[in-house]
Structure formats: structure tokens, C-alpha cells
Amino acid sequence: MCGRYAVTTDPALLAAEIDAVDETEGTELDVPGYNVAPTTNVVAVVARHSREQPDEPATRRLRTVRWGLLPSWQKTLSGPPLFNARAESVAEKPAFRTAVKNKRCLIPMDGWYEWQLLEDPEVVKKPRKQPMYLTPVDGTRMYIAGLWSVWRPQGAGLDVPPTLSATVLTTEAVGPLREVHDRMPLVLTPDLFDEWLNPDGPADPGLLLPPGLDVAERIEIRPVSALVNSVKNDGPALIERAEPGSEPGQLSLL
């Protein structure tokens, strides 16, 4: 699964990197974020047609979305946030099957966190959950397949500003990443971005398959501080290496 991640690049720089229009200006968006959690406002990349020129090709746009997809038929903002969706079954799930047809997005990440159970007495005195940060070895960003939605309170007219929300797709972990968790975010490579974002129809089902082993082998698995266990903590110290066993005490199970 993916329940915490880091993204530290200013949206304007992300827009230049991915050739997108930055539509996040003026929105409530905290960047950088080293401990992004569900219900936080995050950056998503979508592709949409211009209202003024609907026949022109869709363009990439950076938008601010709430992490935790809200199906259009949901009555209120309350309820468990749908921050992850299994790629294998997303097309059948009522909460996601509409979005997967034409509201697909990319979620930029520097890396994500998982909690690995350590039971080796030579490393830790007693079993504990060790936070791990998974990030590209070369320091580049990842773009994760996601879905997004437009939500308004029931009965509200079109004059009421909508809440945009999104979920991260997960898939079976591959290669060395399986040692940390059996699931991982669905990482997409740049050659797949346009097809995934295309708003005019469904994507090739092959895009929902786990990434190649070469993708996993370019991701570092880095033990980090227990500070990340609390969503109140933020800052670059969270992604710095902290060897297992270097911190006393039992880590909270997330």
C-alpha cells in the first residue's frame, strides 16, 4: 500500500518538467511535503480539453486535489478516505470504475514510505516496524498512476466550487521491493504518460499491470527515522538514512 509519501518540488518546476499548465496557484497546497498523508491537498497531473476550444488536443494540467477519492455519489466529505485503489480490480469497483474510464491522473512523488517488520535479534532487540523510504537512486521523481474525481455536496448547483480528489493505484510489488511490502504504487514511465492521461477513452489494460523489474531495481530502499510515524512531523530529516536499531523503543504500527 501507499499511505505516506514525499514531494518536494515546486509545482511551477513540476509543470516545466512535465510540459503542463500549472493550475495550482492560489490553492491551499503545502510544498515541500516530506510526510504527505491522506486528506492532504496534493498535486496531480491531469489531461483535459480547453472549454473554449474543445476540439483541440487535451493538454496536461497540474491541479490541487484532496488525497482520498470522493465518488460523485458520496453524500458528505466524511468517511474513510479512499487513498489507495488496487489496480487489478479498479475497473469493477463502484467507487472507481467511472474514474478509470476518463479521469486518470499522475501523482508526482519523490518517494513513498512503507513499514517493514524487523525480527532479526542481531539488528533489533525485539520485533518492530521499521519505516523505509523508497525513492529513485538517481534522485529523480516518480509519477504514480492515479484516478481523480469531481465532487459537490448533494443538491449543490454548478455555482458551488467542486472538491477535486484523487487516489493512488497500487499493484503487486516486484523485485527487491517485495522484501518490504507485497504492494507498491503503480509507477509509470514517461513513455506511458500520454496514453494513461488521455481523457477521451479507456486506457490499455496493460497499463494496470505491475511495472517491469528494471523500474524496481532503480529504487533505493532506505531505512529512516521513526519521526515519520507521526503526521505532525515534517522536514528533510524524515528522508535521511537512519540505520535499523539506532533508535530505541517500539515503533507504532501503521
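Guide: In this predicted model, strands S10 and S11 pair in the antiparallel sense, and 6 bridges hold that pairing; within it, Gly-146 has Val-168 of S11 as its bridge partner.

Visitor: Which other strands pair with S11, and in which sense?

Guide: To read a pairing, look at the sense of the two strands and then at the residues that stand opposite each other. Strand S5 pairs with S11 in the parallel sense over 2 bridges, with Arg-66 opposite Ser-165, and strand S6 (residues 84–86) also runs parallel to S11, joined by 3 bridges, where Arg-86 stands opposite Thr-170. Strand S12 (residues 183–185), by contrast, pairs with S11 in the antiparallel sense over 3 bridges, and there Thr-170 stands opposite Pro-185.

Visitor: Is S11 largely enclosed or open, and how many of its residues are buried?

Guide: Burial is read residue by residue along the strand. In S11 (residues 163–172), 8 of the 10 residues are buried, so the strand is largely enclosed by the rest of the structure.

Visitor: Which residues of helix H1 are buried, and which are exposed?

Guide: For a helix, ask where the buried residues lie around the axis. In H1 (residues 11–18) the buried ones are Pro-11, Leu-14, Ala-15 and Ile-18; because they cover an arc of only 100° around the axis, they lie on the same side of H1. Leu-13 and Ala-16, on the other side, are exposed.

Visitor: What do the buried residues of H1 pack against?

Guide: They pack against several elements, including strand S5 (59–67), strand S10 (142–151) and helix H3 (193–197).

Terms used. Residues numbered from 1 in each chain as written. Predicted model: local features only at pLDDT ≥ 70, side-chain atom pairs only at ≥ 80, totals over all residues. Heavy atoms only, no water. Buried < 20%, exposed > 50% of the residue type's maximum accessible area, 1.4 Å probe, protein only. Helix = DSSP H or I, 4+ residues; strand = E, 2+ residues; numbered from the N terminus. Arc of directions from axis to C-beta. Contact = heavy atoms within 4.5 Å. Pairing = 2+ DSSP bridges.
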